[in-house]
Amino acid sequence: MLPSCARNINKPTISCKKVLQLINGTKNNYATEVKCETKPYKLHKLDTPPSASTTLSREDALKYYREMQVVRRMEASANNLYKTKLIRGFCHLYSGQEAVAVGIKAALRSHDAVITAYRDHGWAYLMGASVVEVLTELTGRKSGCARGKGGSMHMYTDNFYGGNGIVGAQVPLGAGIAFALKYKGTDGVCFALYGDGAANQGQVFETYNMAKLWNLPCIFVCENNGYGMGTSAQRAAANTAFYTRGDYVPGLWVDGMDVVTVREAARYAIDYCKSGKGPLVIEAATYRYFGHSMSDPGTSYRTREEIQEVRQKRDPITHFQELTTNAGLLSENEIKEINADVKKEVDEATEISKTDSSIGLDELATDIYANNLEPQIRNTTPFNPLTHNRLGKAVNLE
Ligand SMILES: Cc1ncc(C[n+]2csc(CCOP(=O)(O)OP(=O)(O)O)c2C)c(N)n1
Ligand SMILES: [Mg+2]
């Protein structure tokens, strides 16, 4: 039997004519790999665009779909936990922007690094934290990836440098990480993600300058979700073509709602940077469904119709689901199974995030540094000095 795409040949981005190989399953016939077209790019000071087509394996399709679903469901759970006051403080959700993180992650090599702003739950998960570690970090519990001491904006894993609450601050930090990668003689690159609002900050331009002067392997990713808090990009930026804002730093515009296109752009950027050509700016056009943070209903500066329209026409998960099922890579049943499985995983993690205990005061001053050079923490009271203690990440004391 032919893949179901044979019945949907008008779908624009994956053409069933381009199915490379099929395997016969006992229940369903799947394509093991399809060739798909990427969405058009826009270039700034670059001669050649990323490839106009790429192959997508069934294995990768399953992975990307699942990852995007986990991020979406995890954020939905965070939304609920916040409303029941189990998450306190700031909380910024990533729903709508999943294809940017999943697409970049798909291109990363194990020695590449990532740093982002405060919309970081999905990134922490993709970079190695489990759903339990993310949700318990949000509720401030001991199983959290930072033992519950960091919370929403301060999650870290290997090669993932957070989670940064100061708008734009992660951009120079990202250039610093790129510097370190180069200095150590690796061919690793650092992806530094920031928003359309942050893109207008002075420190971003200072960083572009240093990064270009030193040809640092830094990929600056401007996630243009249309708004910085309640201000639209059009109102805040004199030039909204964020991929051109690096001036002498070449740039690439990419459809950030298409996971495969983002992956190709990220692969292209890694190849570019690791060959010593220096930094690159990527603008990923995307959208956020929730308000800026939990305190913002998100509907006073944009209409409900606008949000609905993006959900209906550009949603990254629905879009990918259609592509993969039409191409015969995934079946409708499999999609349902993944959805149910992800729901179960997130529901279970949510329960743990409600019942897990918090760390004790004995951990107050632990793990300030990975390598403590001084025995005591400076500037604490001399009568009761706190000592540096290294427990290591996510150490269970019980
Ligand atoms: C230096 C600094 N200024 C202001 C703020 C308050 N603030 C938090 S998020 C934000 C908007 C940033 O928008 P954008 O960069 O587009 O990121 P998005 O929230 O859309 O992901 C502002 C002004 C801050 N955290 N840090
Ligand atoms: Mg924004």
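Trainee: In which sense do β3 and strand β10 (residues 251-255) pair, parallel or antiparallel?

Mentor: Let's start with the general idea. Strands of a sheet are joined through backbone hydrogen bonds, and the pairing is either parallel or antiparallel. In this predicted model, β3 and β10 pair in the antiparallel sense, over three bridges.

Trainee: Which residue is the bridge partner of histidine 44 in β10?

Mentor: Find glycine 251 in your view: in β10, glycine 251 is the bridge partner of histidine 44.

Trainee: What is the order of the strands in the open sheet?

Mentor: Six strands make up the open sheet, and their order is β3-β10-β11-β7-β6-β5, with mixed pairing. Its edge strands are β3 (42-44) and β5 (113-115), each of which pairs on one side only. From one strand to the next, the twist averages 20 degrees.

Trainee: Which strands does helix α8 (residues 259-277) touch?

Mentor: Helix α8 packs on the sheet and touches β6, β7, β10 and β11. Compare directions, too: that of α8 makes about 160 degrees with that of β10. Another helix to look for is α6 (residues 202-213), which lies across β6 (190-195), β7 (218-224) and β11 (280-285). Helix α6 runs at about 150 degrees to β7.

Trainee: At what angle do helix α4 (residues 131-138) and helix α11 (residues 332-355) pack?

Mentor: Again, the idea comes before the case. The packing of two helices is described by the angle between their axes and the distance between the axes. For α4 and α11, the angle is about 40 degrees and the axes are 8 Å apart. The crossing of these helices, α4 and α11, is right-handed.

Trainee: Which residues in α4 meet residues in α11?

Mentor: On the α4 side, look for Val131, Val132, Leu135 and Thr136. They meet Glu345, Val346, Ala349, Thr350, Ile352 and Ser353 in α11. Sorted by class, this contact of α4 with α11 has six nonpolar, three polar and one charged residues.

Trainee: How many residues surround ligand 1?

Mentor: There are 15 residues around ligand 1, and the closest are Tyr118, Arg119, Gly197, Ala198 and Asn225. You can then look at single atom pairs. An oxygen atom of ligand 1 is 2.6 Å from an N or O atom in the side chain of arginine 119. For histidine 292, an N or O atom of the side chain is 3.3 Å from an oxygen atom of ligand 1.

Trainee: Which atom of ligand 1 is 3.1 Å from a polar backbone atom of glycine 165?

Mentor: That one is a nitrogen atom of ligand 1.

Definitions and conventions: Residues numbered from 1 in each chain as written. Chains lettered and ligands numbered in written order. Predicted model: local features only at pLDDT ≥ 70, side-chain atom pairs only at ≥ 80, totals over all residues. Heavy atoms only, no water. Axes fitted to C-alpha atoms, helices over the stretch in contact; angles between N-to-C directions. Helix = DSSP H or I, 4+ residues; strand = E, 2+ residues; numbered from the N terminus. Left-handed = near helix turned anticlockwise from the far one by under 90°. Contact = heavy atoms within 4.5 Å. Nonpolar A, V, L, I, M, F, W, Y, C, P; charged D, E, K, R; others polar. Pairing = 2+ DSSP bridges. Near = heavy atom within 4 Å. Polar contact = N/O pair within 3.5 Å; in protein donor to acceptor, adjacent residues only side chain to side chain.
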